[in-house]
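User: I have a model open and want to go through how its pieces pack. Can you take me through it?

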Amino acid sequence: MKIERIEVRITEMPIRIKRIFSSGSYDSGPAGQLLGKPVFLRLIGEGIEGHAQIRPISPGHFVADTSESVATAIREVYGPLLIGKSVFDIEAIDEILTSRLAGNPAARALIDIALHDAMGKALDVPVHRLLGGCSQSRIELEWSVSLADDVGVMIEEARTAVDDYGIKVLCLKAAGKGGWRRDVENFGKVRAALGDDVVIGVDPNTGWTVAETIAFMHAVGAHDLGYVEQPVLRRDIRGMAEIRAQAKGVPVMADEGLFTLSDAADLALARAVDVYCIKLYKVGGLTPARKIAALGEAHGILINSGGLAVASQFEAAASCHFCATIPARRTFGAAEFAFGVGPKGPDPLVAEGAMSIRDGAVDVPMGPGLGLTLDLAALERMTLQTFEIRT
């Protein structure tokens, strides 16, 4: 399959999402605003289409991409370079795109995922078959609990996750206005409300110092802390290593510190983390995600799949296929894309194949490509801005 036409669309979201964390707010913006909205990509050629959707999470967070920068990168640079290329030439395409415009992980993730979707449809196999096969056919999900001034609000959200959806892994946002001591109180109250059967981790989103992180871990020792995710600044690898050395068995996870394969190598060589949190929009898609996972395997570092994929089955499906390829013994915790598979409402772009949560987990799609059928009429309805690249 050679690419003949490319469509880039900034699309509306069916709902507005606002969440709080230490490094900013997660806000998809009001209806009609381009900033904060997802970008949908269609690669079209020889009667086959490849689809992908990513919502850049800027402004207010650690990833530089915006909806318009993603669309522009594809329209002005990447798209013209893709025309006429075979969707199967993943590595060659990646080399060409890097030589013209390095970085731009969200735009690259869209392209990489759409290429895999097209390949899967051309071969009539699910995406995970292209990545090494299905090691797990059912993916457990994690629920990320937003920061709130009132811990009762956090407890209510956590109870919704556990009681309504059967979620068994929670991640509490931390490093809010009250400092690490308030986080200790919040953690203890959530643990008391939820009991001992739920894994509860904490994510300060780089909002703590090394000393504060160690003090927090020691203070909540009696409350069964599940893990600590990226407590300090992204390039503070020595700080992460010091935290891990004093963690007393609590796994330390890299998120903001892990964008590239080189980042993964630096973390591994410093023995700074137990877990890589891989987000497809952050690392550039499925191809680099698999390379980072392989490096993790070589160094005994486990893999966690991040990214909320809010109200997007297409983004969630890509993460789900990636998770399916990682054996359970090399997987840490649960995947974060719960908000893409039901709790925030149905995805209007999906005509058939939508995933849903059952007992805290989803079944891996087994249809061709991502396993989802696009509703073209809904896509037209939801489009805020569109660009087209042709031969």
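Analyst: First a term: two strands pair if DSSP finds at least two bridges between them. Helices (H or I, at least four residues) and strands (E, at least two) are DSSP runs numbered from the N terminus. The model is predicted, with local features needing pLDDT of at least 70 and side-chain atom pairs 80 or more, while totals for chains, interfaces and linings use all residues. Residues are numbered from 1 along each chain as its sequence is written, and side-chain values use heavy atoms, without hydrogens or water.

User: OK, what does I6 stand opposite?

Analyst: I6 faces L43, a residue of strand 4. Strand 1 (residues 5-11) and strand 4 (residues 39-45) are joined by 6 bridges in the antiparallel sense.

User: And what order do the strands of that open sheet have?

Analyst: The order is 5-4-1-17, 4 strands with antiparallel pairing. Strand 5 (48-54) and strand 17 (383-390) are the edges, each pairing on one side only. On average, neighbouring strands are turned by 15 degrees against each other, direction ignored.

User: Which strands does helix 1 touch?

Analyst: Helix 1 packs on the sheet and touches strand 1, strand 4 and strand 17, contact meaning heavy atoms within 4.5 Å. The direction of helix 1 makes about 180 degrees with that of strand 1. Angles run from 0 to 180 degrees between N-to-C directions, and axes are lines fitted to C-alpha atoms, for helices over the stretch in contact. Helix 3 (residues 105-123) lies across strand 4 and strand 5, at about 145 degrees to strand 5.

User: At what angle do helix 1 and helix 2 pack?

Analyst: Helix 1 (residues 67-82) and helix 2 (residues 90-100) make an angle of about 150 degrees, and their axes are 10 Å apart. Helix 1 is therefore roughly antiparallel to helix 2 (under 35 degrees is roughly parallel, over 145 roughly antiparallel, 65 to 115 roughly perpendicular, the rest oblique).

User: Which residues meet there?

Analyst: V77, Y78, L81 and L82 of helix 1 meet I93, I96, L97 and R100 of helix 2. That contact divides into 7 nonpolar, no polar and 1 charged. Here Ala, Val, Leu, Ile, Met, Phe, Trp, Tyr, Cys and Pro count as nonpolar, Asp, Glu, Lys and Arg as charged, and the others, Gly among them, as polar.

User: Switching to helix 5 and helix 6: what angle do they make?

Analyst: About 40 degrees, with the axes of helix 5 (residues 151-165) and helix 6 (residues 179-194) 10 Å apart. So helix 5 is oblique to helix 6.

User: Which residues make the contact?

Analyst: V151, M154, I155, A158, R159 and V162 from helix 5 meet N186, K189, V190, A193 and L194 from helix 6. This contact holds 8 nonpolar, 1 polar and 2 charged residues.
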